[in-house]
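Let's take a friendly walk through one protein model. Have the sequence and the 3D view ready as you read.

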Amino acid sequence: MPEILHRVGATATPEKVYDALTTRDGLAAWWTTDTTGDVAVGGTIQFRFGEPGGFDMKVLDQRPNERVEWEVTDGPAEWIGTRVIFDLKRAGDWTIVLFRHEGWAEPVEFMYHCSTKWATFLVSLKQLMETGIGAPHPHDVRISDWH
């Protein structure tokens, strides 16, 4: 099955990056300001992006400073059942995020769009870690007519 893969580093501790991936305030500071729900393992987080809608993610795994994994339970049909995984590792002064969005049935045009949007949001995470200010929706980079 096709998957989206990205690697991004930030000059921040794994603890700081992990907090941005596992708290509502952290997620709202780099992905979308409209983040609600239960961020604990077994809980469901709701991410909304205005008119285009959003996604519900069930939290499958959280290993402090190492890994976060979600399963998409609601949203666009292409996303349902896919998994979003953030693996963290330390490399000197850097925390490296190995990002994977796996389980796509086929590489449809929406997957191309999502790959680019994930990249912009991962850069937003990097900016948040290094400057204290991310670019979450609705302040994110508009990449096309799909936003």
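A residue counts as buried under 20% relative accessible area, as exposed over 50%, and as partly exposed in between (1.4 Å probe, protein chains only). The model is predicted, so local features need pLDDT of at least 70 and side-chain atom pairs pLDDT 80 or more, while totals for chains, interfaces and linings use all residues. Residues are numbered from 1 along each chain as its sequence is written, and side-chain values use heavy atoms, leaving out hydrogens and water.

Start with helix H3, residues 109–131. Helices (H or I, at least four residues) and strands (E, at least two) are DSSP runs, numbered from the N terminus. Among the buried residues of H3 are Met 111, His 113, Trp 118 and Phe 121. After H3 comes Gly 132, with a positive phi near 90°.

Next, look at an aromatic pair, Trp 31 with Phe 47. Rings of Phe, Tyr and Trp (its six-membered ring) pair if their centres lie within 6.5 Å; planes under 30 degrees apart are stacked, over 60 edge-to-face, and the rest tilted. This pair is tilted, with 4.3 Å centre to centre and 45° between the planes. Its partners sit 16 residues apart in the chain.

| Residue | Location | Relative accessibility |
|---|---|---|
| Trp 31 | loop between H2 and strand S2 (34–37) | 1% |
| Phe 47 | strand S3 (residues 44–48) | 0% |

Trp 31 counts as buried because its relative accessibility is 1%. Phe 47 is buried too, with 0%.

Notes: The expected span of a helix is 1.5 Å times one less than its number of residues.
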